Amino acid sequence: MQRRLRAAMTLALIGLPTTLTVAPAHAAPRTPGTVGRTPGVVTRTSEAVARAPWAAARTAEAAARTPGVADVDGDGYGDLAIGAPGASGGGRVAVVYGSRGGVNVKRHQVLAPLRAGGAFGTAVATADFDGDGHADLAVGAPGHGTIEIFTGSRSGLSRRAVLTPGGGAGRALAVGDVDHDGHPDLLAATNSALLVIGFASGDAKVVATIKGRTAAHVALAAGDVNGDGYADAAWNADGRLRLLHGSKTGLRAASGTASVGSTGGLAIADVNGDRRGDVVAGDPAGSHGGLVKIYPGGDLGHPRAFSQDSSGVPGAGEKGDEFGAAVAARDVDGDGRAEVVVGAPGEDIGKRRNAGAVTVLRGNAHWKLGSGSSSFSQNTEGVPGVAETGDRYGGALSLADLDGDTRLDLAVGTPGENGGDGGVSIYPGQGIAGMTVFGGKSAGVSAAKAAFGASVAG
């Protein structure tokens with residue numbers, strides 16, 4: 001969809017003050033020191049600290065709950081892992097450490113693959129695999145079929161294990177305790193199988209291999225869809241969605257499959273507040289610019305579909321928008337219902353093709369997700385950046401608390417920024433003050449065409 005945002009209407013939808021204006025679609029690139037094709041770190045602070053575009057007023061109960069964080073160094077603040085699979089030498093992953101003021105880009109660590117040439121950083125996932133209180137990091141390098149595990153500590157991350165199952169392993173990663181033994185398991189997709197990697201013995205090892213169809217595009221997610229306390233797995237291979245239920249003996253296939261259409265983002269979260277996880281599957285190649293299909297409680301036979309043409313959802317879908325290419329789903333406002341954040345990296349902003357946009361669908365008990373939904377891009381006033389051709393803003397998404405204020409912060413990957421060098425935008429949950437954008441160079445990844453921001457996890 002081509003957008004020329006209108007100030008009052010758009011800002012009301014996304015929760016920003018209507019006194020701000022929206023940059024027109026033909027806005028000129030900003031001068032040095034602002035965001036656009038500037039590789040440095042930029043933090044914009046507004047005098048009016050308004051509600052964040054992706055957030056809503058939090059309940060009193062929510063203020064007392066702190067979302068789980070991926071705290072690598074144990075300082076109490078969540079940290080963010082960012083993949084740059086196109087970086088020279090086979091890819092890189094930058095870990096940017098959180099602080100009271102949000103991500104501190106000056107505190108970063110860059111991880112290199114053990115073996116060059118495998119698109120290291122295509123997928124990243126975080127969890128405390130060894131139970132020492134520090135988050136660990138898993139990185140996929142599907143070009144070699146390799147998954148590398150890094151252990152967190154007060155001094156940062158260090159390589160712990162390298163698994164090489166082959167067959168494109170590491171194309172997609174997810175984390176969940178599928179056997180309910182108290183140790184998170186790592187799920188990894190190959191070209192034709194799903195691997196379960198366990199850590200209960202102290203060493204990372206493949207404990208189960210579930211064969212599937214050979215696919216060009218895969219996605220994984222984990223979460224409890226049937227409320228039995230075991231993490232279940234959703235697996236999308238070229239648009240065919242399978243559900244596997246966790247059990248004491250590991251994953252077991254559920255009956256039936258569903259046709260999503262294509263493969264985009266995948267998540268499991270309780271969107272309607274019934275205390276059962278719902279499978280959120282993106283279909284970015286779907287008609288009218290892409291869809292998000294939600295399977296309530298893992299019911300593969302009765303999906304609910306949402307697009308830019310759905311009631312209440314801003315905009316209108318057009319071919320190539322890729323709505324659903326990335327999704328993230330967590331309870332942002334603490335009302336017991338998860339919001340669904342949707343990336344549309346193929347969205348055209350005016351004449352700028354594939355500039356990208358992000359839409360937030362509000363969790364709702366009656367599945368009226370368009371009610372109160374919002375949409376924004378780098379051309380929305382108050383949001384750092386300038387929409388440019390090929391940026392692919394919204395190509396990757398993560399929701400995590402990076403500043404310890406109990407609110408979820410949104411990380412948006414923009415892997416096409418600066419001609420493919422890439423970038424990441426961080427939007428703090430407390431309001432528009434302190435929004436930060438940065439390129440790979442600021443986080444220690446200086447390679448051109450690195451696709452920094454192709455994957456994010458916090």
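Reply: Phe-376 and Tyr-427 are both buried, where buried means under 20% relative accessible area, exposed means over 50%, and partly exposed lies in between (1.4 Å probe, protein chains only). This is a predicted model, in which local features need pLDDT of at least 70 and side-chain atom pairs count only at pLDDT 80 or more, whereas totals for chains, interfaces and linings use all residues. Residues are numbered from 1 along each chain as its sequence is written, and side-chain values use heavy atoms, with hydrogens and water left out.

Rings of Phe, Tyr and Trp (its six-membered ring) pair if their centres lie within 6.5 Å, and planes under 30 degrees apart count as stacked, over 60 as edge-to-face and the rest as tilted; by this rule there are four aromatic pairs. One of them joins Phe-120 to Phe-150 in an edge-to-face arrangement, with 6.3 Å from centre to centre and 75° between the planes. Phe-120 lies in the loop between β4 and β5 and Phe-150 in strand β7 (residues 146–151), so this pair ties together parts that are 30 residues apart in sequence; strands (E, at least two residues) and helices (H or I, at least four) are DSSP runs, numbered from the N terminus. Phe-120 and Phe-150 are both buried. Phe-376 and Tyr-427 are likewise edge-to-face, at 6.0 Å centre to centre and 90° between the planes, and they link distant parts of the chain, with Phe-376 in strand β25 (residues 374–376) and Tyr-427 in strand β28 (residues 423–427), 51 residues apart.

Turning to charged side chains, a salt bridge is a side-chain nitrogen of Lys or Arg within 4 Å of a carboxyl oxygen of Asp or Glu, and a search of the whole structure finds seven. Among them is the bridge between Arg-107 and Asp-75, whose closest N and O atoms are 3.8 Å apart; Arg-107 sits in strand β4 (residues 104–111) and Asp-75 in the loop between α2 (60–63) and β2 (80–84), 32 residues apart. Arg-107 counts as partly exposed because its relative accessibility is 35%, and Asp-75 counts as partly exposed because its value is 33%.

Another bridge joins Asp-130 and Arg-160, with 3.9 Å between the closest N and O atoms. Asp-130 lies in the loop between β5 (123–127) and β6 (136–141) and Arg-160 in strand β8 (residues 158–163), so parts 30 residues apart in sequence are tied together.
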